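Please examine the structure shown below.

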Amino acid sequence: MKRYRYLLKKVSWSAFTILFVLILNFFLFRVLPGDPVKAGTHDPRFKKENQEAMRVRFGLDKPVINCFETLNPIKVGDCWINPFETQFFIYIRNLVQGELGISYHTNGPVADILVERLWNTLLLIGAGQILSIIVGILFGLFAAWKARTVIDYSALITGLVTWSLPTFWLGIILLFWGSGHGFPIGGRITPGTSSYPLSYQIADIAKHMVLPTLTYTIVYMGEYLLVMRSSLMDVLSEDYILTAKAKGLSTFQILKDHALKNAMLPIVTIIAINLGFTVAGAIQIEAVFSWPGLGGAVYEALERRDYPVLQGVFLLIAVSVVIANLIADLMYSYLDPRVQTE
Amino acid sequence: MKKYTLFVIAIVLALVLSACGGGAQSTAEPEQPGEPAATQSPEEPGLPVVLRVGWAGSPDTLNPGTGVLTEAYTIFALVYDTIYEYRLDGTYTLDVAESAELSEDGLTWTFKIRDGIKFHDGQPMTARDVAFSVNLYKNNTDFIYLNAYTTNFDTVEATDDNTVVITLLNPVPNMDYLLSYLYIVPEHIWKDYAEAPASTEFENLEMIGTGPFKMIEYRQNEFVHLGANKEHFANPPKIDEVIFQTFESPDVLVQSLTSGQVDMITEMPATAVATLQGDANIKVVTGAPFAPSVSDVIFNQADPENCPTDVGGLCTGHPALRDRNVRLALAHATDKQKLIDIVLLGFGTPGLTLIPDGLGPWYNDTLVDYEYDVEKARQILDDAGYKDTDSDGIRETPDGSRPLNFKMHWPSDSIDAPRLAELLSEMWGEVGVSLELQAIDPDALTAECCPAFDFDIILWGWGSDPDPNLLLSVYSTGEIPNGYNETGYSNPAYDELHAQQGVELDPEKRREIVWEMQKIVHDDVVYIIPYYEQATQAYRVDRFTGWITGMAKVELSDVSSLVVIEPVK
């Protein structure tokens, strides 16, 4: 029963957060200075009547919301207009119908852009995350086990150094190295191979993923390593571990049955948070390796004030962060039953 | 003891890391010849001959009506034909038309369209497709750029399968130029998308045209894959395919060429030029770009007394910038050659007016620029009453109310502007003018620029069309409400000449008017034009041969090069 109430509370908070993001998303980009019609099109060929026609096409000729014509600059308008004729209502109505709109920039449906970019990002960052989690946790475990030995200190320093490496710098270094060793240095696939057999294409994508994934793994494993090490060392200094030792259990048994589960709590938190942000992509890695992921999409959309794409991407990121956190909360209640009662 | 161990480990790690770093950098040196890293070699028999081009951008769309980025127009020019074609030597030739005839009154153009041209899907192209296309651009007012070329067109009709008649509202001196952007699309496909909103929502992914190349595959921000149209009536390509691949980082773009993953790159940072020139397998070409660009220092001259408040004008500029003497002094205090040497590493020519030297005959090369002379600049300011009354090193306005301290803004996506701004701040500091430097998001900059006129000085620039009309319009009063007149400059004599050059049919007379207009704005020091940037492109000499260079303009991805290049034997 307690568990059920805990669950309900967490889920409803998550739903509320997403609702809040939905509304904030709409206003956030509209208070930015700049005009989507004029962004990137400062050119005398683009005349006033063309601009007006475009404004009508995007629905930007309508007031943002009752009483406000525009938000930046703030232009107060009629409060007595039909609320169904405002940009805000149309935005909400489209969302309810599952419509994310049409990109101002590419004129393609936002949903298509998001799905394609999301898949690319998940592929790259997902692989990088999984690798860095595995490598980081293993090294951290080993370091804590061999605490205050040369192994521990080298692991510690490696963790600190890799964690503080600038991502783009490491990426460029690996890229220069890789280009001399036959690795493709940009993109997701070799262009012009769409008609090749599937096995070739999969191998091709894997080859393109090597350098960016390696960069990602090196940069992000440090965090897991350090957290795992310190958390496990905390646990190992507890009295009950001493008791376990006194009972004559082997180090392996102590780690496996007594220490690890408790030491995993902080790791689960970071993994959950990082997984949420995974969707946002690693914009620097994407930029260095010309990887067509979500990070790049956000950057382009911001440049062009492409509201529908921005709203779509931010919604996606918000939803995934919230869901990842929800999963972490639920995992907590399993790993540490105390949290339900608090 | 333990601390000591830690120290040793740290040193060893640092060494290992630096060794790794050094090793990685050394492999960045040019590849050994004979070991191309590309997946296919053009010499291999049986495989298609593929040219790989690296560029930093990607087309935003394949629909000519909604294209904004230059990359989109590069692709349009390869896949579509037009009535007239603009060439690298700066002239126009007839493309799908075999003859053009103008009526006595200058209002009716009759074009004879060639026989036997086929679209990429096998359907014949006739004069009806041509007329349909021009009408498409004419009728769709929310087509971003191409609608502007049809402003003076009254009717466009195909009288039979080989004849197109265009009647005009006013005679135009530059019909060839106007028609060189109106890409011919197939009526049998576009008839369902002829009107808004379908015309702008159409993604045109199959992109059927008649040009020398046809669309195979387009993936936004990844690549554009084109195949040769070997049946093209004038320019059948010798190669089989072209791939344009996007590399987002400029350094990586350069690396893709040195490592042989691409055969040609369309742009590069100036810092990479020297390295590439030292590579025996790579040839760097520089010169006036196909669409020359100008950089400009924009002075806010909008008068608060006469502010365009109805379109959001605020007119908050520093009053001293409305005084020609101040602008003239700043022009004399600007060492343009030093700007070129430092900002562009020498790859530019000194600027003069908004019409760049790359526009050939339209550029008024008889004008003499204000020479770099710090003493003269100081003298001009002294004489005009701008003296440093409080001895803080910065001059004050003659009434003593405001120091000559100007805000200088530039778009944050500009690579060159920060250096340009630092240098100008140093140079102008010499004559007692101080600057507050700040990069601004480009959209926010547009918002403060014009027609708000809520700034002092902006560093920006313009791309250009081959025809001077649009660039000249930037100084005209009529463009103030549209937001393209960035300075608020308004001169009835200039406006009068601008109208005249738009209807003067005699090219020589039109050139004289255009030159006179440049003289007026140069005398009034409306802008300072620091430089005209050159194009820098490069190709691998061990892959393809026959590139068209040495013309008035440099553009390796122009159709003229792509249809004649051949693999190196």
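B:Cys449 and B:Cys450 are joined by a disulfide in this predicted model, with an S to S distance of 2.2 Å. A disulfide is a covalent bond that connects the sulfur atoms of two cysteines. The link between B:Cys449 and B:Cys450 is right-handed, with 80° about the S-S bond. B:Cys449 counts as buried because its relative accessibility is 0%, under the limit of 20%. B:Cys450, at 3%, is buried as well.

Over all chains, the structure holds three disulfides. Another one in chain B connects B:Cys307 with B:Cys315, whose sulfur atoms lie 2.1 Å apart. Its torsion about the S-S bond is about 90°, so this disulfide is right-handed. B:Cys307 is buried at 16% relative accessible area, and B:Cys315 is buried at 5%. When bonded cysteines are counted along chain B, the pattern is 1-2, 3-4.

In chain A, a disulfide joins A:Cys67 to A:Cys79, with 1.9 Å from S to S. A:Cys67 lies in the loop between α2 and β1, and A:Cys79 in the loop between β2 and α3, so the bond ties together parts that are 12 residues apart in sequence. A:Cys67 is partly exposed at 21% relative accessibility, as is A:Cys79 at 35%.

The aromatic rings come next. Over all chains there are 38 aromatic pairs. One of them is the tilted pair of B:Tyr73 and B:Tyr183, with 6.5 Å centre to centre and 45° between the planes. This pair links distant parts of chain B, 110 residues apart: B:Tyr73 belongs to helix α2, and B:Tyr183 to the loop between α4 and α5. B:Tyr73 is buried at 13% relative accessibility, and B:Tyr183 is buried at 4%.

Definitions and conventions
Residues numbered from 1 in each chain as written. Chains lettered and ligands numbered in written order. Predicted model: local features only at pLDDT ≥ 70, side-chain atom pairs only at ≥ 80, totals over all residues. Heavy atoms only, no water. Phe/Tyr/Trp six-rings, centres within 6.5 Å; stacked < 30°, edge-to-face > 60°. Helix = DSSP H or I, 4+ residues; strand = E, 2+ residues; numbered from the N terminus. Buried < 20%, exposed > 50% of the residue type's maximum accessible area, 1.4 Å probe, protein only. Disulfide = S-S within 2.5 Å.
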